Amino acid sequence: MLNPQRSLSELPKMSAASQVERAVLEEEFNWLLKEEVHAVLKQLQDVLKEASRRFSMPTPGLESQLKQENFILGSSTMDQVKGVLTLQGEALTQADINLKVAKSSQVLHFQFREDKQWKLQQIQDARNHVNQALQLLNSRDESYHFKTGAEVNKLMDAVMLQLTRARNRLTTPASMTLPELATSGLMKMFTPPMPGDVMVNFYINLSKLCLTVYQLHVLPPNTTKNFKPAGSSVLHNPGAMFELNNNRFEVSHVHKVECVVPWLNDSLVFFTISLQLCQQLKDKISVFSSFWNYRPF
């Protein structure tokens, strides 16, 4: 059994020790808020400026300053689809595609019309999210004094939300139905025009620029028994069916070719580094918060 006299006599010493500990913690925490938070914000700005530079857009009148890059599409396992894509920032400025038709050895050749470009919305959205993250960081310059850990966490959460959205736009292509693909503006980009039994789609998946070509065949009008329209998907498989303008179609062949875009890979690495920096700062704040919330005396 504890000696009540001894316990009481020790209380002031323990309390004094906890006061010293608290004073040291407060000093460290104030240093964190004043110095280390801004050091991390500077690191984040530097990393995200590099990411933003990868997505850089030309200023009006200086479009030619943004580098045009040619990417060869193809696969070592199949040669049904070959092509060269020209990417300038977020815009596909030219696409030159050869398609070997499955049933015959005929090769179809398509390319973008001279007056057309195809904007890749995924790249545009990712760039916008990076710039919003930078704006959040720029709103707290070095002279700004953070008063609480909660204030730092709020900023980190807002930055992380933008970075997660930027990353998700590159890692998660949009799902589309087959009628949406058939009627998209992309189908009007080509010369000669795409035949009615061929559809194409371009999208970004991680650091890859992907082209999918669908070959279709028309189903007889009386095929109601087994007709089941396909839903929305990034990639539709052979056998998928859809209806358009009172005609029913089935996907007979699917060809997917892709190429790596190095600067998209760089951007994904920058997003990962930035998210880790944000999380590490939040973890440091939470260590102090746990001391604050824990009152042993």
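Predicted model: local features only at pLDDT ≥ 70, side-chain atom pairs only at ≥ 80, totals over all residues.
**Entry 1: the whole chain**

I started with burial: of the 297 residues in the protein chain, 38% are buried. I then looked up the surface, and the protein chain exposes about 16,900 Å². Carbon and sulfur atoms supply 53% of that area. For secondary structure I got five helices and 10 strands. I also checked the contacts with a separation of 6 or more, and 68% of them are between residues 24 or more positions apart.

**Entry 2: strand S4 and its partners**

Next I went to strand S4, residues 107-112. Which way do S3 and S4 run, parallel or antiparallel? They run antiparallel, and five bridges join them. S3 covers residues 91-100. One bridge I noted has leucine 108 in S4 as the partner of leucine 99. S4 also pairs with strand S6, residues 190-191, again in the antiparallel sense, over two bridges. There I wrote down glutamine 111, whose bridge partner in S6 is threonine 191.

**Entry 3: aromatic pairs**

Then I turned to the rings. A ring pair is described by how far apart the centres are and by the angle of the planes. My count came to seven aromatic pairs. I picked phenylalanine 112 and phenylalanine 202: the centres are 6.1 Å apart and the planes are at 85 degrees. Planes over 60 degrees apart count as edge-to-face, so I filed this pair as edge-to-face.

What does this pair tie together? Phenylalanine 112 is in strand S4 and phenylalanine 202 is in strand S7 (residues 198-205), so the pair links parts that are 90 residues apart in sequence. Are these two buried or exposed? Phenylalanine 112 has 1% relative accessibility and phenylalanine 202 has 5%. Buried means under 20%, so phenylalanine 112 counts as buried, and phenylalanine 202 is buried too.

I looked at another pair, phenylalanine 242 and phenylalanine 249, with centres 5.1 Å apart and planes at 20 degrees. Under 30 degrees counts as stacked, so that is what I called this pair. Phenylalanine 242 and phenylalanine 249 are both buried.

I also found an aromatic cluster made of Phe110, Phe112, Phe190 and Phe202. Phe112 and Phe202 are the edge-to-face pair from above.

**Entry 4: charges over rings**

Last, I checked arginines against rings. The charged end of arginine 140 sits over the ring of tyrosine 144, at 4.6 Å from the ring centre. Where does the charged end of arginine 248 sit? I found it over the ring of phenylalanine 227, 4.1 Å from the centre.

Methods:
Residues numbered from 1 in each chain as written. Heavy atoms only, no water. Phe/Tyr/Trp six-rings, centres within 6.5 Å; stacked < 30°, edge-to-face > 60°. Helix = DSSP H or I, 4+ residues; strand = E, 2+ residues; numbered from the N terminus. Buried < 20%, exposed > 50% of the residue type's maximum accessible area, 1.4 Å probe, protein only. Lys NZ or Arg CZ within 6 Å of the ring centre and 35° of its normal. Contact = heavy atoms within 4.5 Å. Areas by Shrake-Rupley, 256 points an atom, 1.4 Å probe, with all protein chains shown as cover. Pairing = 2+ DSSP bridges.
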